[in-house]
Amino acid sequence: MKILVCIKQVPDMESKFKIGTEGIWYNEADLAWRMNEYDEYAVEQAVQLKEQVGGDTDLVVLSIGPERVKETMKKALAMGCERGVHVHDDAYYKKDPFEIASIIAEYAKDQGFDLIFTGMQSQDRGSAQVGILVGELLGLPAVSTIVDFTFADGAISVKRELEGGLKALVKLQAPALVTCQLGLNTPRYPTLPNIMKAKKKELTSVPVGDLLKVEEMVKVEKMFVPEKRSGGLVLEGDVKDLADKLVQILKEKTTVLK
């Protein structure tokens, strides 16, 4: 079996964010980096499937970004992925979801992957588009936001999260793609021996120009911090007096009452 899991390196969400000089992304100078949380669930599920199937299973982790992305990929290798493919792209933040999906699909199209795992969305952009777009570009059945996964004899059974706490049971045949939601599993912590082994695993780099064959469809024009609004006004006292005060405030500060 051949399995692909796609991950993204994102800033730690506890970091202090500042807008970069280009005005379309944040300043990366003082940020700490980690694996996108949703992708950790994808990696864990891919590793569990590899362990279940056994035999000669090829589990590949792919990530797009600058050189520092390799450090995050090493965590996936330490968790149990067999080898890594780093698509080197210093301008990754300028790529829209369609371009990112096209890069992944271009790499995967001739590889014969039986299953592709991605996170439901990235924590920095949150578009939730890339995984499903990859499935569409490869002509694969795809299911999003899965919270349960089973595999047997080429048949996949997943539960996906719906609105209002409901879940849908979906069955499909490999090859296929799924995007992983929080709670799907409990991602393992890499052990020290596996961290050491990961350093010796294959990790190849591919220039993004070798895989990007499409033009952008969406362009970020500007990134900015929302304007701060004044705090709310709390009225206290007798109900009759409060009613008069409220009417007066609405007349003076809004157009609700004229």
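This is a short chat about a few local features of a predicted model.

Visitor: Which residues make the nonpolar surface patch?
Guide: In this predicted model, the patch is formed by Leu192, Ile195 and Met196, and its area comes to about 290 Å².

Visitor: Where is Ile195 found?
Guide: Ile195 sits in helix α5, which covers residues 192-198.

Visitor: Changing topic, which residues does the cis peptide bond join?
Guide: The cis peptide bond links Ala174 and Pro175, with omega at about 5°, and Pro175 belongs to the loop that runs between β9 (167-173) and β10 (176-180).

Visitor: What is phi of Ala128 near?
Guide: Phi of Ala128 is near 55°, which is a positive value in a residue other than glycine.

Visitor: Where is the place of Ala128, then?
Guide: Ala128 lies in the loop between β6 (115-119) and α4 (130-138), and with a relative accessibility of 38% Ala128 is classed as partly exposed.

Visitor: What about phi of Asp153?
Guide: For Asp153, phi is near 55°, again a positive value in a residue that is not glycine, and Asp153 is placed in the loop between β7 (142-152) and β8 (155-161).

Visitor: Is Asp153 buried or exposed?
Guide: Asp153 counts as exposed, because its relative accessibility is 81% and the cut-off for exposed is over 50%.

Notes:
Residues numbered from 1 in each chain as written. Predicted model: local features only at pLDDT ≥ 70, side-chain atom pairs only at ≥ 80, totals over all residues. Heavy atoms only, no water. Patch = residues over 30% accessible without salt bridge, like charges linked within 9 Å, V, L, I, M, F, W, Y side chains within 5 Å. Areas by Shrake-Rupley, 256 points an atom, 1.4 Å probe, with all protein chains shown as cover. Salt bridge = Lys/Arg side-chain N within 4 Å of Asp/Glu carboxyl O. Helix = DSSP H or I, 4+ residues; strand = E, 2+ residues; numbered from the N terminus. Buried < 20%, exposed > 50% of the residue type's maximum accessible area, 1.4 Å probe, protein only.
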